[in-house]
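Subject: Structure for you to look at

Hello,

Here is the structure I said I would pass on. My notes on it follow below.

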Amino acid sequence: MRPAFAPPYSSFPDKYPMAFFTQDQLKAIADALGDTEAGLTGTEIQHLFATCNLNDPGPITKRVRIFNAFAKSQNDKQNRTHILEFVRQAMKPAQYSRTPERYEPMRALVNQALAFAGLVVDQTGAISVVEAAQTLPEAQRRARELRADLEGRGVHADVLKFCRAELLADDYFHAVQEAVKSVADKMRSRTGLTDDGASLVDRALGGEPPLLAINARTTGSQRSEQSGFANLVRGAFGMFRNPTAHEPRIYWSMTKEDAEDLLTIVSLIHRRLDSAHMPPRV
């Protein structure tokens, strides 16, 4: 089924600037919300259609389904009110309380799509007006360059997958943050723990014996190495997980060079976790 048509912005009355989404903008937003990996599920889409009083086109691909609903709403009502409400409802952080790892990748995708309409979703899920982007996302070039540099350093494959354009839409912060989250995921996967942050590090890498040991721990130097590694992981969590819950996002700027150095450290952590063993427990 072909997507429904949404007239270009120039065909609408311009009494209220940006009162409508263009066809390209609607497609980009629908593509982000219906992304195969990070987007909404079919059930979530159906629920949001009902909540926002949008006509559901039926069981077709998620992206086309969302686009058709958005285009029909805008064409019929001659406003984008219900579309914006759909985005607001979809990006409420409380919706992701059970799957928090989904939120930031999805928000990055949606914000990249909204950039050309002069809108942004903040960490609370609120939509704000910003200066509209005029060119193709710089994030795509950033992603290519960052990945190439990290491949040259031989970083871990589990780190390279976070060099994605949607994570670099603002700067390099999200790529590093998501890579650090992947460390916690690996530790939980290896140990079966459900903790997070410092508690996860203490339980997984501390204790006698630790759940994950990076060496034989038979000498004082080896035990110091284990303790130092735990401090390294704990510091990474403290720097890139805890502050983001309290500080405004705008204060967290990061250069490409900083990102490369930090992602290299995360790569080291991943390699040591991959080679770690689980000592027998008495």
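A contact here means heavy atoms within 4.5 Å. By that rule, among contacts in the protein chain between residues at least 6 apart in sequence, 61% join residues at least 24 apart. Please keep in mind that this is a predicted model.

Overall make-up

The protein chain has eleven helices and two strands. Read from the N terminus, the order of elements is α-α-α-α-α-β-β-α-α-α-α-α-α. Of the 282 residues in the protein chain, 46% are buried. The chain exposes about 14300 Å², and 53% of that comes from carbon and sulfur atoms.

Helix H3

Helix H3 covers residues 62-77, which is 16 residues.

Strand S2

Val-129 belongs to strand S2, residues 127-129. Is Val-129 buried or exposed? Its relative accessibility is 72%, and because the cut-off for exposed is over 50%, Val-129 counts as exposed. Leaving aside residues up to four places away in sequence, Val-129 touches Gly-118 and Leu-119. Ala-115 is 14 residues from Val-129 along the chain, and their C-alpha atoms are separated by 9.5 Å.

Helix H8

Lys-181 sits in helix H8, residues 173-191. Its relative accessibility is 19%, and since buried means under 20%, Lys-181 counts as buried. The side chain of Lys-181 makes a polar contact with the side chain of Glu-178, at 3.1 Å. An α-helix has 3.6 residues a turn, so residues three or four places apart point the same way.

Ile-265 is located in helix H11, residues 256-275. With a relative accessible area of 36%, Ile-265 is partly exposed. Together with Leu-232 and Leu-268, Ile-265 forms a nonpolar patch on the surface, and the three have about 220 Å² of accessible area together.

Regards

How values were computed. Residues are numbered from 1 along each chain as its sequence is written. This is a predicted model: local features need pLDDT of at least 70, side-chain atom pairs count only at pLDDT 80 or more; totals for chains, interfaces and linings use all residues. Side-chain values use heavy atoms; hydrogens and water are left out. Patches are made of residues with over 30% relative accessible area and no salt bridge: like charges are joined within 9 Å, nonpolar side chains (Val, Leu, Ile, Met, Phe, Trp, Tyr) within 5 Å. Accessible areas come from the Shrake-Rupley method with a 1.4 Å probe; for residues, only the protein chains shown count as cover. A salt bridge is a side-chain nitrogen of Lys or Arg within 4 Å of a carboxyl oxygen of Asp or Glu. Helices (H or I, at least four residues) and strands (E, at least two) are DSSP runs, numbered from the N terminus. Buried means under 20% relative accessible area, exposed over 50%, partly exposed in between (1.4 Å probe, protein chains only). The expected span of a helix is 1.5 Å times one less than its number of residues. A polar contact is a pair of N or O atoms within 3.5 Å; within protein, one must be able to donate a hydrogen and the other to accept it, and residues adjacent in sequence count only if both atoms are side-chain atoms.
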